[in-house]
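Visitor: Please guide me through this entry, beginning with the model itself.

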Amino acid sequence: MLQTVCVSSPGSWALREPDCHHDGKQTSWKCGFVRTIIQHPCLRHDPKGPGKARMLKKIQICLCFFFVSGILYEISLLSGCFFSYMPMSKHFLTPEQVLNLGKSIIFLETTERLEPPPLVSCSVESAARIYQDRPIILFMKGLTNNTALDLNSSYAAFSLLSSMKNVFIFPLQMETVFQGTPLLQWYNQVVPEQEKNWVHVSSDASRLALIWKYGGIYMDTDVISIRPIPEESFLAAQKSQFSSNGIFGFPAHHKFIWDCMENFVLKYNGNIWGNQGPFLMTRMLKAICNLTDFKGTEDHSCQNISFLNPQRFYPIPYPAWGRYYKVWDKSPNFNHSYALHLWNFMNHNQKAVVAGSNTLAEKLYKAYCPTTYEDLIQNAELRDFTRSENAA
C-alpha cells in the first residue's frame, strides 16, 4: 500500500486519515484503510541566493503534486466509498485487500465452471447495483492466478461482470480460506473424490470461513437482490423454524459462525445433503434460541441475531419454484422482500430465462440485472442469425 511523503522540514510529520463519503453521507463502514504521512514544506535560508531557493521551492511543489496525485489515485482505486477506478486496475488487488475493506457481498462458484451462466451473472450484477458502496466478490474454484489476469479476453461473462466498478472476481483457494479456522483440519483429511456432495459441502465450508474471517453477506449465485438488507447479523428463514444458508450476514469473528464451523467438523456427514448447510444453521440456531412459527411478515430476533421472515428471500417456496418461469397475469410486487432465491438446485438448470417469454424471471432480469438481460438478448439474436445462415 502506498504511503505518500512530501520532502520538507524535519520534525513536522502529520498523520492523516481521509474521511469517506457516499452520496453526501458518511458511510457506515471503515474507509480509513489508506493512511498518508504528509510533511509540511519549510524553506531554509540559502546563502547562495534567492534563485536557488525559488528553484528548490518549485521542485518541492512538483514533488508534492505528484505525491498528492498518488494519494488521490489510491483512494479512488481501493476505497469502497468511491469505486471510481478503471476495471483493469482491479486485477492488481488481492482478495485480502478487497475483503479487508469490510462488508463485502460474497458469491462462490465451487465447480470448475469458468463461464458464469446468466443467472449467476444476474445475481452478481443485481448485488452490484443494489450495494454500490460495497465490494461484490465472486470466488471461482476453476480460476487460477494466471487465468484471473486475462478474464476479459477469455470469457464473455467475465467481461460483463468485471466491467462493473465494484465487482471483483478471484480464484477460490480453499486451503488459504480455511487457514486459522476449525475447518482446516477437516479439509486436510477429507478426500474430495470420495465425497458424494463435494461441490455443495465445499461451498458450505468456504462461506462460513470467509464470513467469519472478514464479515459481510454471503449469497448463493441464484439470489437476485432487489433492495438493501438493513440487518448486519442475520439468518434467513426458509420456512418457520428452519434456516437457510443460501444467504446470511455477520460481522467478522462472530461467535455464532465460529460455533458453526466447529459443529461442521464435529457432526460432519458429507453423504447427507444439507447436513453441513441449512441443517447446520438450523440446529445451531435452535441450540441458542427458542424458535416459534412466523405469524405474518414479522422477523424474529434472538441473542442479537435476526431470523428474517421467509418473505424476505423466499416468498415463493421451493415446492413452487417453477412459478418464476411462468407468465403471471399480475406480477407480485415483493414489497416484503430484500432478495429472491430462484431455487436453481431444484431447477437443475433445466429452465432458463428466454428473451420475450414474459415470464416472472425475465421481468426480474429486466428490472435488476439489465446488462445481463441485454447480453441475453444479443446472444439469442446471434444464435438466430447463425441458424438462419446455416439453413441458407
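**Pocket and salt bridges**

Visitor: Which element gives the most to the lining of the largest pocket?
Guide: This is a predicted model, in which local features need pLDDT of at least 70, side-chain atom pairs count only at pLDDT 80 or more, and totals for chains, interfaces and linings use all residues. Residues are numbered from 1 along each chain, and side-chain values use heavy atoms, without hydrogens or water. The pocket (an open set of 1 Å grid points over the protein atoms alone where a 1.4 Å probe fits, with protein on both sides within 12 Å along at least five of seven lines; lining residues have an atom within 4 Å of a point) has 49 lining residues. With six of them, the largest contributor is helix (a DSSP run of H or I, at least four residues) α9.

Visitor: What separates Asp204 and Arg207 in helix α9?
Guide: These two form a salt bridge (Lys or Arg side-chain nitrogen within 4 Å of an Asp or Glu carboxyl oxygen), with the closest N and O atoms 3.7 Å apart. Both are buried (under 20% relative accessible area; exposed is over 50%, partly exposed in between; 1.4 Å probe, protein chains only). Because they stand three residues apart in α9, the separation is about one helical turn.

Visitor: Which residue joins Asp204 and Arg207 in one network?
Guide: Seven salt bridges are found in the whole structure. Asp204 and Arg207 form one of them. Through shared partners, the network extends to Asp220.

Note on methods:
Helices (H or I, at least four residues) and strands (E, at least two) are DSSP runs, numbered from the N terminus.
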